Amino acid sequence: MNIEIHHRPSYALAEVSLDEGEVIVAEGGAMVSMDSHITIETSTGSKGEGALKGLMKGLKRMVAGESFFQNRFTAVGAGGHVTFAPVHQGDVTVEELSQSTLFLQSTAFLCSGPGVDVDAKWGGAKTFFGGEGLVMLRASGTGPLVFNSFGAIKEIEVDGEFVVDTGHIVAFDENLNFSVGRFGGGWKSFLFGGEGLVCRFSGKGRLWIQTRNPVEFGQLLGGKLPPRS
Amino acid sequence: MRIEVEARPSYGMAVVHLEDGETFIAESGAMVAMSPAIDVATRFNGTGTGGVAGWVVAALTGLARKFFAGESLFVNEYLAKSGSQQVMVAPPLVGDVEHLSLEGNNITVQSTSYLGSTKNVNVSLVWGGFSMLFSKEGAFFLKCGGNGELVINSFGAIEKVTVDGSYTVDTGHVVAWEGDLNYQLGRAGSWKSTMLSGEGLVMNFSGQGTVWLQTRNLGSMLGWIRPQLPT
């Protein structure tokens, strides 16, 4: 399997080349195009999992803001290629997992190899107050994990402490600790600094941030538009 | 005439350099800026042969394009009255612009992806077939033929794919394709996949030629924005 990302960072597209028999699992609706050697199968869970477990996984994904169903694309008869894109403007990046785990902000998942298990995970009340959804995605296993951002993606090596606005988090290593708190030293910064809640990461590991905040974008546009009818 | 595309792929804009007497035709509303010695003529977005009958034909085809292909009723013709003039055109959506040269071949364009062309390009409305009525993108396309310059635009970046055999593209991601390719509207995978996968309808291309696709889908983007609006 080979994954290339084109048109970064504004309108990134992931092009996945599969050898015969190889599989890529993608978020529902993410497929842009594919050649004739690719077949699609739609399900809620991984192959070989029971129906109930699959259903639970689908429901949990839906609570996390992802699609209930996922699509498995398999190259049959020969190698093939399939392309995927996220819904909004922004970037896409690939991370090779090797018996490792990354946490993803709930809408960041685009596609992954079959050896990566993506499950919704309760993030605790603290992420709820961060305004970015109650649930995060936990991606673990071995293989490529492809995720997307709103705006461009920047990778940061954390060694010690690092503070990120909750709306700008894309993904982070499992071994980073985090706590959600208010911005700045005092209540004045919190109330008037315009930053709301921030996430304080600590430890040693990698962190990916996005250069735009989708909630702020929605509020900016939404405030200028008539109500939904 | 020389056409350059700047600010790719996020905010593509075509800069059309015109010599004395040259003309460029663009969708109404597409003009960003232009130099002073250019005459603008606004006419119905259709082709008539002159006279009252010709005017009526032009008006009717313009109306057909507006209502069936979602295009504007009028187009603007930019005629250079001296040398070294330029007109800049851009689409309303964020995304890319691509300049293609036609040399007797045909390129069919998804109607919202047409930005402009030179006079010797024939642009005609073509019926995509009954099955296209089921796609959100509309049942009509613009078939561009002749010898001349064509400028198209996309939502997101434009990806060029060389098809040899068959190739499938989500209908919301199709920008344009070369005339030699055949296509059929279909569904992605089995019926279960069509109903549940979120992939919707696809166009199955076959033959040999180039397909241009866009890396974002306007329908999906609107679906993402809608829940963020105030209630």
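Leaving out neighbours within four places in sequence, L110(A) is in contact with A14(A), A26(A), E27(A), A30(A), F84(A), P86(A), V92(A), V146(A), F147(A) and N148(A); contact here means that the C-beta atoms of two residues, placed from the backbone, lie within 7 Å. This is a predicted model, so to speak of a local feature takes a pLDDT of at least 70 and to count a side-chain atom pair takes pLDDT 80 or more, while totals for chains, interfaces and linings use all residues. Residues are numbered from 1 along each chain as its sequence is written, and chains are lettered from A, with ligands numbered from 1, in the order in which they are written.

On the confidence side, the predictor assigns the complex an ipTM of 0.80 and a pTM of 0.85. Chain B has a mean pLDDT of 86, with 83% of its residues at 70 or more; pLDDT is the predictor's per-residue confidence, running from 0 to 100.

Back to L110(A): along with F84(A), L104(A) and C111(A), L110(A) touches the most other members of the largest nonpolar core, which has 98 residues. Such a core is a set of buried Ala, Val, Leu, Ile, Met, Phe, Trp, Tyr and Cys residues joined through C-beta atoms within 7 Å. The largest share of this core, 7 residues, comes from chain B, namely from strand β12 (residues 140–153).

Chain A contains 4 helices and 15 strands, and chain B contains 3 helices and 16 strands. Of the 229 residues in chain A, 43% are buried; for the 231 residues of chain B the figure is 41%. Among chain A contacts between residues at least 6 apart in sequence, 78% join residues at least 24 apart. In chain B, 78% of the contacts with a separation of 6 or more come from residues 24 or more positions apart.

F150(A) sits in the loop between β11 (135–148) and β12 (153–165) of chain A, and it counts as buried because it has 27 C-beta neighbours inside 10 Å. Beyond four places in sequence, F150(A) is in contact with H88(A), G90(A), Q210(A), R212(A) and P214(A). K204(A) is 54 residues away from F150(A) in sequence, and the C-alpha to C-alpha separation of the pair is 25 Å. Residues up to four places away aside, L221(A) touches I225(B) and Q228(B).

Strand β4 (residues 31–35) of chain A runs antiparallel to β13(B), with 3 bridges between them; D35(A) has Y167(B) as its bridge partner. Strands pair if DSSP finds at least two bridges between them.

Chain B also holds an open antiparallel sheet of 4 strands, in the order β1-β2-β7-β4. Its edges are β1 (2–6) and β4 of chain B, each pairing on one side only. Working across, β1(B) and β2(B) are antiparallel and share 5 bridges, with I3(B) opposite V16(B). Strand β2 (residues 13–18) of chain B then pairs with β7(B) over 5 bridges, also antiparallel, and A14(B) is partnered by V89(B). Finally, 3 bridges link β7(B) to strand β4 (residues 31–34) of chain B, where M34(B) partners V87(B). Strand β7 (residues 85–89) of chain B has Q85(B), V87(B) and V89(B) on its covered face and Q86(B) and M88(B) on its uncovered one.

Terms used
Helices (H or I, at least four residues) and strands (E, at least two) are DSSP runs, numbered from the N terminus. A residue is buried if 20 or more other C-beta atoms lie within 10 Å of its own, exposed if 12 or fewer, and partly exposed in between; C-beta atoms are placed from the backbone.
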